[in-house]
There are 6 protein chains.
Amino acid sequence: MNNKVAVYRKEHFNAAHRLHNSMWDASTNTSVFGKCNNANYHGHNYELIVKVVGEPDPETGFVIDLKLLSEVIEESILNRFDHKNLNLDLEEFTKVNPTAENIAIVIYRMLREKLNPALELQVRLYETERNFVEYPA
Amino acid sequence: MNNKVAVYRKEHFNAAHRLHNSMWDASTNTSVFGKCNNANYHGHNYELIVKVVGEPDPETGFVIDLKLLSEVIEESILNRFDHKNLNLDLEEFTKVNPTAENIAIVIYRMLREKLNPALELQVRLYETERNFVEYPA
Amino acid sequence: MNNKVAVYRKEHFNAAHRLHNSMWDASTNTSVFGKCNNANYHGHNYELIVKVVGEPDPETGFVIDLKLLSEVIEESILNRFDHKNLNLDLEEFTKVNPTAENIAIVIYRMLREKLNPALELQVRLYETERNFVEYPA
Amino acid sequence: MNNKVAVYRKEHFNAAHRLHNSMWDASTNTSVFGKCNNANYHGHNYELIVKVVGEPDPETGFVIDLKLLSEVIEESILNRFDHKNLNLDLEEFTKVNPTAENIAIVIYRMLREKLNPALELQVRLYETERNFVEYPA
Amino acid sequence: MNNKVAVYRKEHFNAAHRLHNSMWDASTNTSVFGKCNNANYHGHNYELIVKVVGEPDPETGFVIDLKLLSEVIEESILNRFDHKNLNLDLEEFTKVNPTAENIAIVIYRMLREKLNPALELQVRLYETERNFVEYPA
Amino acid sequence: MNNKVAVYRKEHFNAAHRLHNSMWDASTNTSVFGKCNNANYHGHNYELIVKVVGEPDPETGFVIDLKLLSEVIEESILNRFDHKNLNLDLEEFTKVNPTAENIAIVIYRMLREKLNPALELQVRLYETERNFVEYPA
């Protein structure tokens with residue numbers, strides 16, 4: 001056992017999306033994605049929990065200042081995702097279906113670039129209270 | 001004090017919407033509704049709590065069977081609102097802005113028609129955990 | 001407007017129960033109460049919220065000391081309801097069906113006797129997160 | 001029934017406090033307030049829910065813009081209460097015991113001055129998940 | 001790091017149970033299990049969170065369709081556990097004490113048979129909000 | 001895969017604290033810790049989740065009796081932390097800044113001494129609903 005501590009910051013954003021595979025015809029899309037394929041979109045209050053793992057700095061007692069982590073999440077993620085249509089407003093989902101799995105992977109990659117490589121990172125995303133995902137597993 | 005009991009049933013639906021007044025120009029809409037005016041919509045996990053007040057039936061001990069109330073809500077509300085775009089898919093919001101206030105009033109009216117007039121009705125709607133409304137007040 | 005403040009204390013108990021009307025035959029019971037009629041009982045984590053309304057005492061700033069209210073609830077309610085079978089272990093439900101409505105009325109009456117009559121009382125009982133009741137309405 | 005809708009905004013602040021009546025001796029304070037009387041203070045994550053009641057504006061569909069309500073709460077309340085010691089940092093509690101009841105009354109009065117008198121106002125304050133108050137009752 | 005994502009689905013069921021070791025006498029059972037040994041049973045709202053880990057399908061973006069996972073849980077678990085007495089109605093607990101630990105192990109084994117062996121599985125079970133377990137650890 | 005099960009117990013305590021490094025001057029403390037450096041302290045409702053991992057005892061079905069675990073937490077942690085000022089009332093934080101990270105490490109060490117070494121231990125501490133930590137990571 002080392003002295004690593006995990007710190008978590010919870011944020012949220014509200015977005016519209018629709019599940020759709022443009023390589024498939026309409027009936028396949030309906031069959032696979034059901035009401036999530038609704039042409040006019042639907043939406044969610046996404047809850048995002050970002051986990052960062054490292055050793056606390058002896059002078060501050062912080063693994064990372066959660067105010068700073070919150071600002072990084074706001075700038076990198078919330079400003080781009082909040083009150084947006086994921087399919088129409090974000091280029092990341094023009095070819096990738098905005099399932100919770102894929103949104104979590106995209107968010108992970110965006111945050112990974114902004115954080116000190118010495119810190120481990122994991123992202124949990126709640127699409128609803130009952131459906132949520134985590135990346136990397 | 002009479003013998004009335006309030007019973008509550010919580011349901012939820014996921015929908016896209018946008019706040020917009022078509023009588024106003026774009027800059028007024030942006031100024032008033034901010035990011036909620038995003039042209040491509042955003043969305044929410046709406047939590048709906050329906051309150052029904054009456055005297056318990058002496059034979060069952062129920063004010064109203066909550067399974068039946070749940071079915072009424074599903075048929076009247078969820079089947080029409082869940083995984084929909086409130087602005088585009090529901091005629092009730094073609095001329096009425098789908099604010100939480102107006103959605104609650106629309107839901108109240110739909111449920112009022114389906115329930116025994118002897119029962120009092122109130123609707124609470126959570127747009128997010130931090131923003132919610134109740135009708136009638 | 002007077003100076004009354006409402007204070008709330010949340011407690012919980014775990015109990016088994018079954019819904020059943022002994023005046024009815026088995027098929028009527030099944031038809032009305034469904035799986036809640038299961039002969040071997042089922043159970044719930046009941047969440048109980050007790051609301052007391054009055055004017056704060058100028059010396060303490062308390063409407064009622066919530067530690068004392070908690071002790072009254074523990075003695076009067078939790079010691080009798082927690083980890084019990086409501087149908088078999090509580091005489092109050094030998095002739096009264098332990099629906100959430102009736103449990104709330106029974107709890108209200110038990111607490112009403114223990115509290116200063118100058119204080120208003122209301123009981124909210126969650127049978128599940130999605131089904132709850134309030135008495136008096 | 002009129003057309004009034006209640007809208008709610010949830011905010012939070014973290015503060016230290018201690019319950020103490022300076023007119024009493026130490027043993028009376030300990031006897032009445034128990035561990036809440038600890039000389040070095042303790043603290044809470046206070047959850048504040050502000051309820052505003054009125055008729056929705058026909059042009060916006062808002063009773064009050066919840067962004068504006070949130071800003072009023074931030075300016076009037078959070079900037080003064082958040083990360084503070086209620087007994088030492090707020091003059092309102094130099095002579096008034098900072099019980100949840102009294103904090104709610106103080107917050108109500110501060111917000112009442114800032115809001116349109118045509119709107120009804122009620123404040124709910126959670127000191128913990130299990131102890132909370134509402135003013136006016 | 002691979003591309004595995006964890007997906008989670010939350011379900012619930014309400015059941016009665018009692019903790020009891022039939023090899024022991026009554027006083028040992030009371031001494032060890034306390035009020036959980038009540039002869040007439042008590043009950044809980046069990047919250048069940050099923051975690052499945054795998055790589056997202058490139059065509060759907062799903063590790064597993066959570067609608068399908070929800071149906072598997074309903075058929076395999078909820079239809080057998082919900083509104084039941086675990087000691088009396090489920091043969092799995094005739095010789096095994098229905099502690100949260102053992103219920104989680106039983107649920108894990110039932111689900112393991114139904115899911116693609118390439119997918120990793122973990123079960124979390126909340127007996128109450130404050131007592132919960134996870135298997136495998 | 002072995003037969004280990006993780007069991008969790010959630011407790012809470014309310015405490016005051018302030019973030020401060022006595023080796024730094026005032027402006028550095030303000031710059032790094034912001035409003036968390038307030039000289040008169042602020043406070044939190046800390047939620048503590050203790051995770052213990054082991055194999056269930058075949059006779060009881062328990063990894064550890066959660067009533068006993070709860071008592072250990074109460075004696076070792078809550079009696080020392082609840083309704084206290086972490087900086088002034090606990091010697092552990094005279095030289096260590098009471099960040100969530102450091103509080104979790106201190107709690108882990110206190111509990112580690114009290115539990116069977118064969119059982120694995122992990123501590124999660126919520127400072128607020130949105131800021132929390134876990135040790136060991």
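Contact is defined here as heavy atoms lying within 4.5 Å of each other. By this criterion chain C and chain F do not touch, and their nearest C-alpha atoms are 14 Å apart. Chain A and chain D likewise do not touch, with nearest C-alpha atoms 14 Å apart.

The structure is a predicted model, in which local features need pLDDT of at least 70 and side-chain atom pairs count only at pLDDT 80 or more, whereas totals for chains, interfaces and linings use all residues. Residues are numbered from 1 along each chain as its sequence is written, chains are lettered from A and ligands numbered from 1 in the order in which they are written, and side-chain values use heavy atoms, with hydrogens and water left out.

The interface between chain A and chain B draws 20 residues from chain A and 20 residues from chain B. The buried area, that is, the accessible area (1.4 Å probe) that two parts lose on being put together, summed over both, is about 1700 Å² for this pair, and carbon and sulfur atoms give 48% of it. On the side of chain A, the residues that lose the most area to chain B are Asn40(A), Asn45(A) and His83(A), which together account for 33% of what that side buries.

Two salt bridges cross the interface of chain A and chain B, a salt bridge being a side-chain nitrogen of Lys or Arg within 4 Å of a carboxyl oxygen of Asp or Glu. Lys35(B) and Asp82(A) meet in a salt bridge, with an N to O distance of 2.7 Å. Polar contacts (a pair of N or O atoms within 3.5 Å; within protein, one must be able to donate a hydrogen and the other to accept it, and residues adjacent in sequence count only if both atoms are side-chain atoms) link 19 residue pairs between chain A and chain B, both residues at pLDDT 80 or more. Helices (H or I, at least four residues) and strands (E, at least two) are DSSP runs numbered from the N terminus. Strand E1 (5-17), strand E2 (42-54), strand E3 (84-85) and helix H3 (86-89) of chain A each give two or more residues to the side that touches chain B. Of these elements, E2(A) gives the most, with four residues.

The same surface serves both copies, as 100% of the contact residues of chain A recur in chain B.

The contact between chain B and chain C takes 25 residues from chain B and 22 residues from chain C. These chains bury about 1900 Å² between them, 53% of it on carbon and sulfur atoms. Two salt bridges are found across this interface. Arg130(C) forms a salt bridge with Glu11(B), their closest N and O atoms being 3.4 Å apart. Between chain B and chain C, 14 residue pairs are in polar contact, both at pLDDT 80 or more. Strand E1 (5-17), strand E2 (42-54) and helix H2 (66-81) of chain B each supply at least two residues of the side that touches chain C, and the largest share, eight residues, comes from E1(B).

Four bridges join E1(B) to strand E5 (residues 131-135) of chain C, and the two strands run antiparallel. Within this pairing, Val7(B) stands opposite Val133(C) in E5(C).

Methods
Two strands pair if DSSP finds at least two bridges between them.
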